[in-house]
Amino acid sequence: MESIGVPWFIVVRYLGPPLFLVVVGGVLLWWRRPARAWLAWTALVVNLFAAALPFLWLGFQALFGRGDLTVIGLVMTLLQPAVVASAWCLLLLALVWGPRAPAPAPVERDPGEADRTPENVG
């Protein structure tokens with residue numbers, strides 16, 4: 001990481017919490033399988049990608065020498081929070097968008113049974 005100008009402790013500081021979230025969220029998703037587990041997994045992975053985005057950008061700059069364009073840096077500065085917000089929206093959608101309740105089965109009546117009117121006896 002020092003080759004792109006970022007010390008290792010910075011990488012651990014920025015990627016540690018999202019990686020921890022993926023591990024703990026993965027264990028919870030494995031233990032208590034929700035209806036939309038794929039959406040929750042997508043949210044966890046998108047959040048980890050958003051945390052890695054600045055380092056991927058720095059690696060791209062170091063690899064291709066495109067660090068001289070400040071417009072691209074501004075776009076990256078705005079892109080990371082947007083990706084984080086989309087990850088949280090996906091997670092919220094996974095929690096709110098629950099499974100549909102099955103339609104109640106029609107009650108079958110015995111054709112010989114007479115209709116009864118409930119009465120208060122007593």
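Modeller: Here's a walk through the pocket and the chain around it. Keep in mind that this is a predicted model, where local features need pLDDT of at least 70, side-chain atom pairs count only at pLDDT 80 or more, and totals for chains, interfaces and linings use all residues. Residues are numbered from 1 along each chain as its sequence is written, and side-chain values use heavy atoms, with hydrogens and water left out.

The chain has 3 helices and 0 strands, in the order α-α-α; helices are DSSP runs of H or I with at least four residues, strands runs of E with at least two, numbered from the N terminus.

A pocket here is an open set of points on a 1 Å grid over the protein atoms alone, where a 1.4 Å probe fits, with protein on both sides within 12 Å along at least five of seven lines; lining residues have an atom within 4 Å of a point.

There are 13 lining residues, and those closest to the centre are Gly25, Leu28, Leu29, Ala40 and Leu91. α1 (8–31), α2 (37–64) and α3 (70–96) each give at least two residues to the lining, with the largest share, 5 residues, coming from α1. By type, the lining splits into 10 nonpolar, 1 polar and 2 charged; nonpolar covers Ala, Val, Leu, Ile, Met, Phe, Trp, Tyr, Cys and Pro, charged covers Asp, Glu, Lys and Arg, and the others, Gly among them, are polar.
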